Each structure stands twice: as C-alpha cells, then as structure tokens.
Amino acid sequence: QVQLVESGGGLVQAGGSLRLSCAASGRTFGSYAMGWFRQAPGKEREFVAAISWSGNTDYEDSVKGRFTISRDNAKNTVYLQMASLKPEDTAVYYCAAGNYGRKPAWYDYWGQGTQVTVSS
C-alpha cells in the first residue's frame, strides 16, 4: 500500500519553471518505479516521464530536454523539474508508483493530481 500526494503546481508564464513534488508513504518506496502523467480537459491521460528503482529515466518526446525526473528514496519523494514551460503543458499532473514504463495500467498507485497552468 502506497499513498502519493503531489504538490508544487500553480500558474506560471510561458518560458518559466516549476518543480513538482510527490511525497509517498510507506517504507517500500524504493521498490517501485515512479512516473509522472498529465491530463488536459477532453484528452486522455498521457505519459510524461518515468524513473526506475535504479535511476533509469524515460521522457515523452515533447518534454525531453525541458523536464527532469528525479527521486530521493531516503525522503520518499519524487520530483519533476519543469523548465521552458509552454501553454501546451497545461494539465493536471499525476504522480504514480508501479512498474517502469509508459502505460498507465502498469502503475498501481496514483496521487490526487496537481494543476499546472502555463499562460501565453
């Protein structure tokens, strides 16, 4: 059982930066791969980034070079550093724990989401 709580969302101007945090409960945090997904109104939930237990990372092409996912197992926390933000990045961002990959179905636990809004 893992509980995830996202924070750090907000409104930012295009070209700006935000850092999202995901705090996890439990002592088995290091056993899970972690992912970030996002969902805009009228669209399906889409993959953003993932990090494995060993630190391997994967990014969706549109965020590659702009976003960085990292984890601190000692603090049970996962981060998504977002730079050069674009209006197209506007969405609710979700943190997830499970198996390393790009498919939402591979993840077992989900946070409540945090809103990111990028103004033009």
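1. Which side chain meets that of Lys 64 in a salt bridge? In this predicted model, the partner is Asp 61, with an N to O distance of 3.3 Å. Lys 64 counts as partly exposed, at 49% relative accessibility, whereas Asp 61, at 58%, counts as exposed because the cut-off for that class is over 50%.

2. The whole structure holds 5 salt bridges, and one of them joins the side chains of Arg 38 and Asp 89 at 3.0 Å, N to O. This pair links distant parts of the chain, since Arg 38 belongs to strand S4 and Asp 89 to the loop between S8 and S9, 51 residues apart. Arg 38 is buried, with a relative accessible area of 5%, and Asp 89 is buried as well, at 2%. Both take part in a network of salt bridges that also includes Glu 46 and Arg 66.

3. Arg 102 and Asp 58 meet through their side chains in a salt bridge of 2.7 Å, N to O; Arg 102 lies in the loop between S9 and strand S10, Asp 58 in strand S6, and 44 residues separate them. Arg 102 is partly exposed at 40%, and Asp 58 is partly exposed at 22%.

4. The largest nonpolar core has 27 residues, of which Met 34, Trp 36, Leu 80, Met 82 and Tyr 93 touch the most other members. Strands giving two or more residues to this core include S3, S4 and S8. Apart from it lies another core of 5 residues, among them Phe 37 and Tyr 107.

5. Two backbone angles deserve a check: Asn 76, in the loop between S7 and S8, has a positive phi of about 55°, and Ser 84, in the loop between S8 and S9, has a phi near 50°.

Terms used. Residues are numbered from 1 along each chain as its sequence is written. This is a predicted model: local features need pLDDT of at least 70, side-chain atom pairs count only at pLDDT 80 or more; totals for chains, interfaces and linings use all residues. Side-chain values use heavy atoms; hydrogens and water are left out. A nonpolar core is a set of buried Ala, Val, Leu, Ile, Met, Phe, Trp, Tyr and Cys residues joined through side-chain atoms within 4.5 Å. Buried means under 20% relative accessible area, exposed over 50%, partly exposed in between (1.4 Å probe, protein chains only). Helices (H or I, at least four residues) and strands (E, at least two) are DSSP runs, numbered from the N terminus. A salt bridge is a side-chain nitrogen of Lys or Arg within 4 Å of a carboxyl oxygen of Asp or Glu.
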